[in-house]
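Please look through the sequence and the three-dimensional structure shown here, and keep both at hand while you read the explanation.

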Amino acid sequence: MRADAVPFISNTFMIKDIWNDIRPKGQKATWHKLIWFPMHIPKHSLIVWMALQDRLPTRDRLQRMGISIDSVCVICNSLQETRNHLFSKCSIAACLWNSILNLNGMNPTNLAWEETVATAINSWKGKSLLTFILKIAWSAFIYTVWQERNQRIFQKRSRSAENLLNEIIDVVRFSLRGKNFNRLDSTNLNLCNVWGL
Ligand SMILES: [Zn+2]
């Protein structure tokens, strides 16, 4: 009996450990809906999943691991590259995200990373076109900023904020093409016009 029970117990512990591991500290894992939603793009979701857990190899983390590296953000060249900086306070990130909000007819925000995540968890609910656009655009935004950061470091190539915004717009268009929305709804009609759906 005991021998049979051992694998079961260790599996249970393992599942619990993994669960605790992937769950952000002090927060319910409600953010899974921000990542695994219909129309999500797996390669984007993976980067968002890592960003939410602060597991991307940002320069502050690499330094803490003892890797000797310049910790300045390669996008703004002024502040330390941390997850929170790269995806919220960095000039290009703030500009990109505010442009996306603006396309959605929403007011610009200057929220910190945690505040954006909390807002997303609390407000991006239901199956409205706006919710889908916000989720797709946010994932694409995180992915695009991370990709841009990597290109600047490893390939010494850089794109403008406008180019990055156009890439995000293309992702939203591509993800929602051929989908049916209630275009009689004035909010949806507006979104369709602005995003070219
Ligand atoms: Zn920066």
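This is a predicted model: local features need pLDDT of at least 70, side-chain atom pairs count only at pLDDT 80 or more; totals for chains, interfaces and linings use all residues.

Residues are numbered from 1 along each chain as its sequence is written.

The chain holds 10 helices and zero strands, where helices (H or I, at least four residues) and strands (E, at least two) are DSSP runs, numbered from the N terminus. Read from the N terminus on, the order of elements is therefore α-α-α-α-α-α-α-α-α-α. Of the 197 residues in the chain, 24% are buried; a residue is called buried if 20 or more other C-beta atoms lie within 10 Å of its own, exposed if 12 or fewer, and partly exposed in between, with C-beta atoms placed from the backbone. Two residues are in contact if their C-beta atoms, placed from the backbone, lie within 7 Å, and among contacts between residues at least 6 apart in sequence, 58% join residues at least 24 apart.

On the α3 side, Lys43, His44, Ser45, Ile47, Val48 and Ala51 meet Ser139, Ala140, Ile142, Tyr143 and Trp146 of α8. The residues of this contact divide into seven nonpolar, three polar and one charged, given that Ala, Val, Leu, Ile, Met, Phe, Trp, Tyr, Cys and Pro count as nonpolar, Asp, Glu, Lys and Arg as charged, and the others, Gly among them, as polar.

Helix α6 (residues 91-103) meets α8 in another way, for the axes of α6 and α8 come within 11 Å and cross at roughly 160°. These two helices are therefore roughly antiparallel to each other. In this contact, Ala93, Leu96, Trp97 and Ile100 of α6 meet Ala137, Phe141 and Val145 of α8, and by class the contact has seven nonpolar, no polar and no charged residues.

The axes of α8 and α10 come within 9 Å and cross at roughly 35°. Here Leu129, Leu130 and Ile133 in α8 meet Thr187, Asn188, Leu191 and Trp195 in α10, a contact with five nonpolar, two polar and no charged residues.

Which residues touch the most other members of the largest nonpolar core? In this core of 34 residues they are Ala93, Leu96, Ile133, Ala137, Phe141, Ile142 and Ile168, a nonpolar core being a set of buried Ala, Val, Leu, Ile, Met, Phe, Trp, Tyr and Cys residues joined through C-beta atoms within 7 Å. At least two residues of this core come from each of α3, α5, α6, α8 and α9, and α8 gives the most, with 13 residues. Not counting residues up to four places away in sequence, Phe141 touches Leu96, Trp97, Ile100 and Ile168.

Val74 is found in the loop between α4 and α5 and is partly exposed, with 18 other C-beta atoms within 10 Å. The C-alpha atoms of Val74 and Ile153 are separated by 7.1 Å, although the two are 79 residues apart along the chain. Leaving aside its neighbours within four places in sequence, Val74 is in contact with Arg149, Arg152 and Ile153.

Most residues other than glycine have a negative phi. Asn77, however, has a positive phi, near 55°, and lies in the loop between α4 (59-64) and α5 (83-89). Asn77 counts as exposed because it has 9 C-beta neighbours inside 10 Å.

Methods:
Axes are lines fitted to C-alpha atoms, for helices over the stretch in contact, and angles run from 0 to 180 degrees between N-to-C directions. Angles under 35 degrees count as roughly parallel, over 145 as roughly antiparallel, 65 to 115 as roughly perpendicular and the rest as oblique.
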